[in-house]
Amino acid sequence: MSKVAVLGAGSWGTALSIVLADNGHDVRLWTHRADQADTINSTHKNEKYLEIMIPKQIKAYDDLAKAVEDVSAVVVVVPSSAIRDVCAKLNNYISSNITIVHASKGIEPESLKRISEMMSEEMSNYLYEDIVVLSGPSHAEEVGKRQPTTVTVSSLNENNAEIIQDLFINEAFRVYTSPDILGVELGGALKNIIALGAGISDGLGYGDNAKAALITRGLAEIARLGTSLGANPLTFLGLPGVGDLIVTCTSVHSRNWRAGNLLGKGRKLEEVLDQMGMVVEGVRTTKAAHQFAEKQQIEMPITKGLYNILFEDEKPKTVVDQLMSRSKREEMDDLAELLSKKYS
Ligand SMILES: NC(=O)C1=CN([C@@H]2O[C@H](COP(=O)(O)OP(=O)(O)OC[C@H]3O[C@@H](n4cnc5c(N)ncnc54)[C@H](OP(=O)(O)O)[C@@H]3O)[C@@H](O)[C@H]2O)C=CC1
Ligand SMILES: O=C(CO)COP(=O)(O)O
């Protein structure tokens with residue numbers, strides 16, 4: 001049994017706490033809201049975020065210092081926009097013998113940093129190499145019900161990845177390892193852009209053909225950006241790539257798909273985000289990926305279309321028409337080249 005702190009009491013932090021509690025660990029769920037900590041401790045519910053009973057051995061805290069006291073591992077699972085703030089505070093209370101994993105999905109606009117990079121910048125006690133990421137096709141709503149789920153953990157420090165694998169793995173939650181933290185983080189972040197697109201497509205009333213096209217050509221964009229940075233292209237065919245694309249583009253649980261769906265039905269972005277009440281990471285990540293693609297001159301037409309819908313007030317239908325009337329080309333040209341370079 002280990003003492004583990006989970007930082008972030010939204011839907012994913014709550015679901016991951018349940019997995020840890022099922023594995024017999026002493027779980028401290030930290031929230032920045034005192035009233036939410038009281039409610040969780042007295043009712044064992046966190047209804048705004050997850051409609052499920054929370055095991056009694058999960059204790060909620062609003063005091064970060066107390067939540068991380070004597071723990072052997074910390075799971076950071078706040079929205080990407082809060083990562084720097086939370087990790088800067090965390091740095092005051094922990095030392096490098098605690099294993100840190102994050103389960104958030106995003107890229108920071110302007111700096112274009114991944115989550116593990118932001119974390120190591122904010123935590124002087126931690127090396128980038130030691131941080132672990134947990135990612136894969138895993139909606140909180142199903143994990144909370146103990147439905148079969150598979151994820152991947154990755155770190156340059158193989159030992160740390162295995163510690164996190166052992167912490168979480170159980171009969172309903174199967175955890176693989178991967179050495180490709182770059183690919184694992186990029187796959188998890190970038191699929192949210194495509195999920196917004198899939199929601200928009202459904203909202204416009206398009207069918208399965210359009211969604212399959214978005215998933216497949218979206219994967220090509222993700223792999224193009226990822227391999228240009230040095231990720232293993234095969235990572236994008238695994239759970240953090242295709243796996244997460246499928247689950248997020250096809251599920252009504254997905255916040256990104258749901259937000260896209262409302263946009264496709266003609267609603268305005270601000271209105272949609274207000275209504276969601278939960279983080280829609282794809283919006284921020286679209287901005288970051290678009291900036292990256294422009295800077296590095298990487299072809300990402302779906303991302304560009306999404307950027308135009310979200311930030312330039314372009315009509316979704318116009319973007320679909322533009323994507324469908326691009327000049328003709330071979331399907332695999334640059335991807336085949338990337339793969340052959342990697343394996344030649
Ligand atoms: N939900 C899911 O199924 C999955 C989510 N993820 C990823 O996990 C991350 C978190 O997502 P999710 O749990 O769904 O998000 P939610 O919107 O459900 O919850 C976010 C939580 O973070 C809290 N929070 C926001 N800002 C801060 C801050 N500065 N300090 C402390 N806490 C803060 C929120 O508090 P408040 O109530 O005050 O807003 C809320 O409790 C995202 O990156 C997401 O992509 C990954 C896989 C699955
Ligand atoms: O990353 C997720 C599932 O793997 C959750 O996606 P949403 O944030 O779109 O719900």
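Helices (DSSP runs of H or I, at least four residues) are numbered from the N terminus. This is a predicted model, in which local features need pLDDT of at least 70 and side-chain atom pairs count only at pLDDT 80 or more, while totals for chains, interfaces and linings use all residues. Residues are numbered from 1 along each chain, chains are lettered from A and ligands numbered from 1 as written, and side-chain values use heavy atoms, without hydrogens and water.

**View 1**

**View 2. Polar contacts of ligand 1.**
Among the polar contacts (N or O atoms within 3.5 Å), a backbone N or O atom of Ala140 lies 2.8 Å from an oxygen atom of ligand 1. A polar backbone atom of Ala103 is found 3.5 Å from an oxygen atom of ligand 1, and the side chain of Arg255 places an N or O atom 3.1 Å from an oxygen atom of the ligand. On its own, ligand 1 has 900 Å² of accessible area (Shrake-Rupley, 1.4 Å probe), and the protein covers 88% of this.

**View 3. Residues and helices around ligand 2.**
Ligand 2 has 13 residues around it, and Lys191, Asp244, Ser254, Arg255 and Asn256 are the closest of them. Both α10 (239-250) and α11 (255-264) supply at least two residues of the shell around ligand 2, and α10 gives the most, with three residues. In this shell, two residues are nonpolar, seven are polar and four are charged. Domain 1 (3-179) and domain 2 (182-343) each contribute at least three residues to the shell around ligand 2.

**View 4. Polar contacts of ligand 2.**
The side chain of Asp244 brings an N or O atom to 2.6 Å from an oxygen atom of ligand 2, while a polar side-chain atom of Lys191 lies 2.7 Å from an oxygen atom of the ligand. The backbone also takes part, with an N or O atom of Gly136 at 3.0 Å from an oxygen atom of ligand 2. Taken alone, ligand 2 exposes 310 Å², of which the protein buries 90%.

Notes: A residue is near a molecule or strand if one of its heavy atoms lies within 4 Å of it. A polar contact is a pair of N or O atoms within 3.5 Å; within protein, one must be able to donate a hydrogen and the other to accept it, and residues adjacent in sequence count only if both atoms are side-chain atoms. Ala, Val, Leu, Ile, Met, Phe, Trp, Tyr, Cys and Pro count as nonpolar, Asp, Glu, Lys and Arg as charged, and the others, Gly among them, as polar. Domain bounds come from an automatic or database domain assignment.
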